[in-house]
Amino acid sequence: MGPAPMFFLVLSLFHLVIQCSAGAIQIDGTCDSGRQRLIDLALGDVQRYARAASGAVDPNNKWYKAWFGGPSSPSMRDSDILNLFNTLWVTTNYPFDGLPFTVTIRCDGDDNPASVCGTRTTKAQVIYQTHTIFLCDIFWREPTRFLINLAPPSIYKPPESLDHFVTYGQLLLHELFHIMDPYIRDKKGGQAYGHEYTLRYALESANGARQNADNYAFFASAAYWASRGYRNWSTNPNCLTCRDELR
Ligand SMILES: [Zn+2]
């Protein structure tokens, strides 16, 4: 084989590897067409959050420090965190083709005996081994919020809790972090969900915060709004409605 065919063989093998390693997110037929549309819109928001968060992964960034601290021997390095966010928005051909596998979103969690949907508080369940996200019935009782129909509060008013700005996209972003890295869980033995408790957790344990899915979700939310010019969120878990500069 001459050098030219050899080159093309190597090139096509390389192409094959790229094709095999590319992932996607598929919405299963167990989600009816209305829910498929909502998930689709939410996945657009996932990309908006991830893009803004990626631009704020910086040890000197105010939001990054507040939600991930600066541990001397980090459980997740800054570069790992950056890669995870980039995986969700940097694409070559199709949305989410940076994922190393295909993620399936299903809507039949409440009918599936293998799922823990049906408990009073579970919005979604992730099966890491099969890269499946089950959206539970409770997920659909969350406010139907998308970034497109959410206006940030006036910068002239006192800050509000970011909990009032949680979108379907932010909820999916949380679940996708569980899928992308099995070490990113929900804090054991105590809740670390929401604006206040994710900030508190980062103060308590920066390494714990780096392995807590909601820290990623709330950092991404703050970074998204900051990228839109709204920087009025508190980073003080003791007062979410206080302006940071007044502390
Ligand atoms: Zn979780």
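**Residues with positive phi**

H131 is located in the loop that runs between β3 (124–127) and β4 (132–135). The model is a predicted one, and H131 shows a positive phi of about 55° in it despite not being a glycine. H131 counts as partly exposed, because it has 18 C-beta neighbours inside 10 Å.

- F96 also has a positive phi, near 65°, and is a residue other than glycine.
- Is F96 buried or exposed? F96 is buried, because 22 other C-beta atoms lie within 10 Å, and the cut-off for that class is 20 or more.

**Overall fold**

- The chain contains 8 helices and 4 strands.
- In sequence order, these elements follow the pattern α-β-α-α-α-β-β-β-α-α-α-α.
- The chain has a radius of gyration of 19 Å, close to the 18 Å given by the globule rule for 247 residues, so it is as compact as a globular protein of that length.
- The C-alpha trace spans about 75 × 45 × 35 Å along its principal axes.
- Buried residues make up 37% of the 247 residues of the chain.
- Of the contacts between residues at least 6 apart in sequence, 69% join residues at least 24 apart.

Two packed helices are described by the angle between their axes and the distance between the axes. The pairs below are presented in those terms.

*α2 with α8*

- Helix α2 (residues 33–56) and α8 have axes that come within 8 Å and cross at roughly 85°.
- That angle makes α2 roughly perpendicular to α8.
- On the α2 side the contact comprises R48, Y49, A50, A52, A53, G55 and A56, which meet F219, A220, S221, A223, Y224, A226 and S227 in α8.
- By class, the residues of this contact between α2 and α8 divide into 10 nonpolar, 3 polar and 1 charged.

*α5 with α8*

- Helix α5 (residues 168–180) packs against α8 at an angle of about 140°, and the two axes are 8 Å apart.
- The crossing of α5 and α8 is right-handed.
- Q170, L173, H174, F177 and H178 are the α5 residues of the contact, and their partners in α8 are A213, D214, Y216, A217, A220 and S221.
- The contact of α5 with α8 has 6 nonpolar, 4 polar and 1 charged residues.

*α6 with α8*

- The axes of helix α6 (residues 194–204) and helix α8 (residues 213–227) come within 9 Å, crossing at roughly 115°.
- α6 and α8 are therefore roughly perpendicular to each other.
- The crossing of α6 and α8 is left-handed.
- From α6, the residues G194, H195, T198, Y201 and A202 meet D214, N215 and F218 of α8.
- Sorted by class, the contact of α6 with α8 has 3 nonpolar, 4 polar and 1 charged residues.

**The segment after α8**

- N232 is found in the segment that follows α8.
- N232 is partly exposed, because it has 18 other C-beta atoms within 10 Å.
- Leaving aside neighbours within four places in sequence, N232 is in contact with I155 and P159.
- N232 and L203 are separated by 29 residues in sequence and by 20 Å in space, C-alpha to C-alpha.
- T241 is likewise found in the segment after α8.
- T241 counts as exposed, because it has 11 C-beta neighbours inside 10 Å, and the cut-off for that class is 12 or fewer.
- T241 touches P158, P159, E160 and S234, when residues up to four places away in sequence are not counted.
- T241 and L162 are 79 residues apart in sequence, and their C-alpha atoms are 9.9 Å apart in space.

Technical notes:
Residues numbered from 1 in each chain as written. Predicted model: local features only at pLDDT ≥ 70, side-chain atom pairs only at ≥ 80, totals over all residues. Axes fitted to C-alpha atoms, helices over the stretch in contact; angles between N-to-C directions. Helix = DSSP H or I, 4+ residues; strand = E, 2+ residues; numbered from the N terminus. Parallel < 35°, antiparallel > 145°, perpendicular 65-115°, else oblique. Left-handed = near helix turned anticlockwise from the far one by under 90°. Contact = placed C-beta atoms within 7 Å. Nonpolar A, V, L, I, M, F, W, Y, C, P; charged D, E, K, R; others polar. Rg over C-alpha atoms; globule rule 2.2 N^0.38 Å.
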